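Thanks for making the time. Please have the sequence and the model open while I talk.

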Amino acid sequence: MSKRNVSRRQFLNYTLTGVGGFMAAGILMPMVRFAIDPVLKASASGGFIATSQKVSELTAEPIRVDYTFDQIDGWYESQVTNTAWVYKADDGNIVALSPVCKHLGCTVAWNTDKEHPEQFFCPCHMGRYEKSGVNVPGTPPSKPLDVYETQVKDGILYLGLLKPHKGA
Ligand code: FES
């Protein structure tokens, strides 16, 4: 059996190297994870998000439908609630419109302007849109409201990506 002598200097070198490496890993690992975490997470974009809206309850009258989803912004994760104006068109198709005004981004509401009933109205600069989402000429918005992709699963409305209005 060979006897190896470790000098005091070697012992200190080994010990300090081990402790230093352990501490460096403890500091660096969270930083590395912090930097690359969003890259490693699967993106939910392109997916449809369930609302609580039963499709059987939709009528020709636009109603406000809220939906909530997890948003990952870099390393920050939060719950976001958005809104769509949803109704059944004459052909039976579901129409889901963005409430964001195409003028300067205020929120439009259905049928709130007494002088122009049955239209979407933006109170910020009196912007108006037809029920289809097409902007009324002569009012500030220069484009129609964006349109959500929609899906129906088990009688529940799902909303997808926002797309430019086809009437644009
Ligand atoms: S922001 Fe809607 S009309 Fe200006």
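N111 counts as partly exposed because it has 14 C-beta neighbours inside 10 Å. The cut-offs here are 20 or more other C-beta atoms within 10 Å for buried, 12 or fewer for exposed, and partly exposed in between, with C-beta atoms placed from the backbone. N111 is in the loop between β5 and β6. Its phi is positive, about 60 degrees, although N111 is not a glycine.

Before going further, the ground rules. This is a predicted model, in which local features need pLDDT of at least 70, side-chain atom pairs count only at pLDDT 80 or more, and totals for chains, interfaces and linings use all residues. Residues are numbered from 1 along each chain as its sequence is written.

pLDDT is the predictor's confidence in each residue, from 0 to 100. The protein averages 88, and 88% of the residues score at least 70. Over residues 39-45 the pLDDT is below 50, and beyond near neighbours in sequence that stretch has one contact in the model. A contact means that the C-beta atoms of two residues, placed from the backbone, lie within 7 Å.

Now the overall layout. The protein has one helix and nine strands. Along the sequence the pattern reads α-β-β-β-β-β-β-β-β-β. Of the 168 residues, 18% are buried. Among contacts between residues at least 6 apart in sequence, 42% join residues at least 24 apart.

Pairing requires at least two bridges found by DSSP between the two strands. Strand β6, residues 120-122, is joined to β7 by three bridges. Within that pair, F121 stands opposite R128 in β7.

Is N135 buried or exposed? N135 is buried, because 24 other C-beta atoms lie within 10 Å. Leaving aside neighbours within four places in sequence, N135 contacts K102, Y129, P141, S142, K143 and P144. N135 and G167 are 32 residues apart in sequence, and their C-alpha atoms are 9.5 Å apart in space.

Next, the two hairpins. Strands β8 and β9 are antiparallel and joined by six bridges. V147 has K163 in β9 as its bridge partner. Two residues lie between β8 and β9 in this hairpin. D154 counts as exposed because it has 8 C-beta neighbours inside 10 Å.

The other hairpin is β3 with β4, and five residues lie between those strands. In its turn, G92 has a positive phi of about 90 degrees. The two strands pair in the antiparallel sense over four bridges, and V86 stands opposite A96 in β4.

In soluble globular proteins, nonpolar side chains tend to be buried together. Here a nonpolar core is a set of buried Ala, Val, Leu, Ile, Met, Phe, Trp, Tyr and Cys residues joined through C-beta atoms within 7 Å. How many residues does the largest one have? It has 20, and those with the most contacts inside it are A84, A96, L97, V108, F120 and L159. The elements that give two or more residues to this core are β3 (76-88), β4 (94-97), β6, β8 and β9 (156-163).

L159 contacts F48, I49, T51, Y67, A84, A96, Y148 and T150, leaving aside its neighbours within four places in sequence. One of these, Y67, lies in strand β2, residues 63-73. Y67 counts as buried because it has 20 C-beta neighbours inside 10 Å. With residues up to four places away in sequence not counted, Y67 touches I49, T51, N82 and L159. Finally, Y67 and Q53 are 14 residues apart along the chain, with 9.1 Å between their C-alpha atoms.
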